[in-house]
Amino acid sequence: MIRAVLRGTGSALPKQVVTNADLAGKVDTSDEWIVERTGIRQRYIAGEGESTSTLATDAARAAMEAAGFEPGSVDLIVLATATPDNTFPATATKVQHALGCNGGIAFDLAAVCTGFLYALGVADSMLRTGMAKRALVIGAETFSRIVDWEDRTTCVLFGDGAGAFALEAVEVAEDGPGVLATRLHADGEHGPLLYVDGGPSTTQTVGKLRMKGREVFRHAVVNLSEVLLEVLEGAGISAADLDWVVPHQANARILDATARKLDLPAEKIIKTVDQHANTSAASVPLAFDIAVKDGRIKPGDLVMLEGMGGGFTWGASLLRV
Ligand code: ACO
């Protein structure tokens with residue numbers, strides 16, 4: 001059978017680190033409140049010359065090099081982002097040009113914090129059906145440019161960054177590597193709980209992020225537990241069979257609560273939210289790349305990826321490395 005097999009990963013962060021103490025100098029908050037409620041200790045914030053496309057390009061280049069892909073051999077780029085450089089053209093086309101992968105398919109995909117799961121699902125389908133042979137799937141964001149820096153209830157939660165997977169369509173055995181199963185969901189009823197109050201077709205402005213955090217939290221734990229079970233049942237395995245879970249890094253309490261619901265041991269959960277805060281679509285591939293680089297995720301490992309975000313959207317994907 002043909003599967004989308006992971007050949008390499010990469011990530012990129014802006015130069016500037018902003019600690020909780022730095023934020024406490026700007027809004028009425030404290031390191032203690034942020035750590036206790038979210039687990040976040042610091043985040044990276046894009047500065048001059050850094051944008052979603054520069055971070056995406058750096059992450060994708062690293063993934064491409066790790067995979068040993070020549071730029072000309074990449075025929076699909078899917079970039080998940082809610083913070084594109086421009087309304088159009090798609091930021092993916094800028095990345096494609098910067099990497100020298102011209103001529104193949106390149107497009108952006110918007111599913112906010114679930115963006116990478118959606119992008120991986122779409123790329124997996126396209127690779128398995130022969131529309132492309134080699135893909136870069138990227139999550140990249142500069143949420144610092146859409147948060148309201150005067151709203152302490154949201155500005156402390158987010159950071160900027162990018163992560164990327166280099167995938168290849170390969171003929172493999174049943175027990176071989178690749179993306180094994182993906183489940184994606186959306187429910188527009190909950191749009192008003194987490195949204196940006198602007199856009200080209202409504203206000204002709206970019207807008208700022210607005211969120212009812214407590215309600216998002218409640219839905220996140222329920223939705224994530226359900227979709228994780230759905231993927232496990234579909235694949236005929238149990239949570240105990242997983243080597244690692246790489247969750248969307250929104251809040252350490254969401255990660256812990258979801259792990260408890262599924263009886264997953266804490267040491268199997270890759271957690272980077274303390275270092276990066278919530279980087280939306282970038283968070284899953286960024287955390288994954290950190291765990292590959294530090295030697296935790298290894299070839300042959302069975303890894304579950306999961307995420308939930310604005311829309312609401314949510315999903316999970318099971319991968320044999
Ligand atoms: N510093 C100090 N105090 C604060 C801050 C802050 N940064 N923000 C809010 N507070 C205050 C509130 O004003 C409130 O004060 P009050 O009791 O006097 O009214 C108090 O802290 C408690 O506020 P809550 O909103 O009830 O706090 P909660 O424990 O729910 O934590 C949080 C808030 C961290 C946002 C939490 O609800 C959460 O993590 N929600 C999930 C949202 C999320 O992660 N979204 C990301 C996108 S979606 C996703 O990725 C899953």
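Just after helix α4, Gly100 takes a positive phi of about 75 degrees; helices here are DSSP runs of H or I with at least four residues, strands are runs of E with at least two, and both are numbered from the N terminus. The model is a predicted one, in which local features need pLDDT of at least 70 and side-chain atom pairs count only at pLDDT 80 or more, while totals for chains, interfaces and linings use all residues. Residues are numbered from 1 along each chain as its sequence is written, and side-chain values use heavy atoms, with hydrogens and water left out.

Helix α4 covers residues 91–99, and within this helix Thr91, Ala92, Val95, Gln96 and Leu99 are buried (under 20% relative accessible area, with exposed meaning over 50% and partly exposed in between, for a 1.4 Å probe and protein chains only). Seen down the axis of α4, these buried residues fall within an arc of 145 degrees, so they line one face of the helix; the arc is that of the directions from the helix axis to the C-beta atoms. An α-helix has 3.6 residues a turn, so residues three or four places apart point the same way. The cover over the buried residues of α4 includes α3 (52–67), β4 (76–80), β5 (105–109) and β6 (134–142), where contact means heavy atoms within 4.5 Å.

## The loop residue Asp85

Asp85 lies in the loop between β4 and α4, and because its relative accessibility is 24%, Asp85 counts as partly exposed. Leaving aside neighbours within four places in sequence, Asp85 is in contact with Ser51, Thr52, Ser53, Thr91 and Lys94.

With Lys94, the side chain of Asp85 makes a side-chain to side-chain polar contact of 2.7 Å (a pair of N or O atoms within 3.5 Å, of which, within protein, one must be able to donate a hydrogen and the other to accept it, and residues adjacent in sequence count only if both atoms are side-chain atoms).

## The sheet and the helices on it

Five strands form an open sheet in the order β1-β7-β6-β4-β5, with mixed pairing; two strands pair if DSSP finds at least two bridges between them. Since β1 (2–12) and β5 stand at the edges with a single partner strand each, one side of each is left without a neighbour in the sheet.

Strands β4 and β5 pair in the parallel sense over five bridges, and Ala80 stands opposite Leu109 in β5. Helix α4 packs on the sheet, touching β4, β5 and β6, and its direction makes about 140 degrees with that of β5; axes are lines fitted to C-alpha atoms, for helices over the stretch in contact, and angles run from 0 to 180 degrees between N-to-C directions.
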